[in-house]
Amino acid sequence: MIALDVIIAKDVNEMSMTAARIMADLVRKKPNCVLGLATGSTPIPMYKELIRLHKEEGLDLSRVRSFNLDEYYPIDPTHNQSYRYFMDHHLFDHINIKKENTRVPDGRTKDIAAHCASYEAQIKEAGGIDIQILGIGSNGHIGFNEPGSAIYSRTRLVVLTERTIQDNSRFFDSMDEVPRFAITMGIGTILASRHSILLANGKYKAEAVAKLAEGPVTSQCPASALQLQEKATIIVDEEAGSKLERKDYYNHVRALMSQLQK
Ligand code: F6R
């Protein structure tokens with residue numbers, strides 16, 4: 001059955017705990033699993049819970065491998081706004097994953113095409129991504145796949161929109177420092193994962209979430225491509241889910257499915 005699984009959590013905490021539990025269950029079942037990870041503010045509480053599970057409940061991530069969705073270009077990994085720095089700071093430095101098993105696209109590469117092809121090849125060699133974590137931009141982007149990105153796109157260099165450059169400028173000392181490019185997994189790369197989990201919270205994501213789950217599949221809302229994935233779970237808080245028209249049905253499905261699993 002191909003259908004988006006939509007979970008409406010009561011708040012960010014429940015959203016993050018639900019996602020962390022799914023990831024931890026996978027890590028326990030398949031200790032050498034491959035995780036696809038995202039940056040941004042949305043997954044931070046979920047990463048905090050994974051750190052807690054590691055420190056307090058002995059969750060062992062020593063055999064896990066990971067691939068991040070994207071990285072600015074050009075940027076040095078030591079820059080405090082690089083996504084490599086973000087991942088080390090918010091997750092990797094606090095769990096027992098081996099750093100050499102974590103991949104983030106290289107924001108310093110000189111041969112972009114070769115690097116992107118090698119990123120795809122490394123994902124394949126690792127056996128493919130078991131769970132891909134995603135956030136969503138208010139314009140429907142996933143990774144740095146802005147509206148218009150092809151559904152079959154793979155890891156590549158993209159030009160950031162004026163709007164994204166403007167939005168990102170708040171994190172940099174000057175406008176000149178804001179990267180104009182990024183290297184991102186493509187939508188095709190994301191769809192090739194075995195299970196995508198998209199998280200969204202807050203009312204400014206509500207429109208994008210409604211389009212992703214209930215609108216047509218269109219490159220104008222890149223996240224809508226998840227409707228084509230064999231297994232995709234959307235976990236939102238009530239605010240981000242407030243514009244979903246079939247809310248009652250999603251809750252009904254969850255209630256009946258949990259009865260079936262008892
Ligand atoms: C992050 C990424 C982006 C973010 C999205 C939401 O690696 O690829 O697509 O997930 O922009 O960002 P936040 O969570 O900051 O609202």
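Predicted model: local features only at pLDDT ≥ 70, side-chain atom pairs only at ≥ 80, totals over all residues.
Trainee: What is the peptide bond from Tyr73 to Pro74 like, cis or trans?

Mentor: That bond is cis, with omega near -10°.

Trainee: What makes His195 buried?

Mentor: The cut-off is under 20% relative accessible area. His195 has 7%, so buried is the word. His195 lies in the loop between helix H6 (187–191) and strand S9 (196–200). Leaving aside neighbours within four places in sequence, His195 is in contact with residues including Asp130, Gln132, Lys231 and Thr233.

Trainee: And Asn168, is that buried or exposed?

Mentor: Asn168 is buried: its relative accessible area is 9%, and the limit is under 20%. Asn168 belongs to helix H5 (residues 162–168). Beyond four places in sequence, Asn168 is in contact with Tyr72, Leu160 and Val178.

Trainee: How do you know that Asn168 makes a polar contact with Tyr72?

Mentor: The distance between their side chains is 3.3 Å, and a polar contact needs a pair of N or O atoms within 3.5 Å, one able to donate a hydrogen and the other to accept it. So the pair qualifies as a polar contact.

Trainee: Now the sheets. What is the strand order in the open sheet of 7 strands?

Mentor: The order is S1-S10-S9-S6-S2-S3-S5, with parallel pairing.

Trainee: Why do strand S1 and strand S5 stand at the edges?

Mentor: Strand S1 (5–8) and strand S5 (102–103) each have a single partner strand, so one side of each is left without a neighbour in the sheet.

Trainee: How do you know that S1 pairs with S10?

Mentor: Count the bridges. Pairing takes at least two; S1 and strand S10 (residues 232–236) have 4, in the parallel sense.

Trainee: What about S2 and S3?

Mentor: S2 and S3 run parallel and are joined by 4 bridges, with Leu35 partnered by Ser66 in S3. In strand S2 (residues 34–37), Val34 and Gly36 point one way, Leu35 and Leu37 the other, and all are buried. In a regular strand, side chains alternate between the two faces of the sheet.

Trainee: Which strands make up the open sheet of 3 strands?

Mentor: The order is S4-S8-S7, with antiparallel pairing. S4 and strand S7 (156–159) are the edge strands, each pairing on one side only.

Trainee: What makes S7 and S8 a pair?

Mentor: The bridges again: at least two are needed, and S7 and strand S8 (residues 181–184) have 4, in the antiparallel sense. Val159 has Phe181 in S8 as its bridge partner.

How values were computed. Residues numbered from 1 in each chain as written. Heavy atoms only, no water. Helix = DSSP H or I, 4+ residues; strand = E, 2+ residues; numbered from the N terminus. Buried < 20%, exposed > 50% of the residue type's maximum accessible area, 1.4 Å probe, protein only. Contact = heavy atoms within 4.5 Å.
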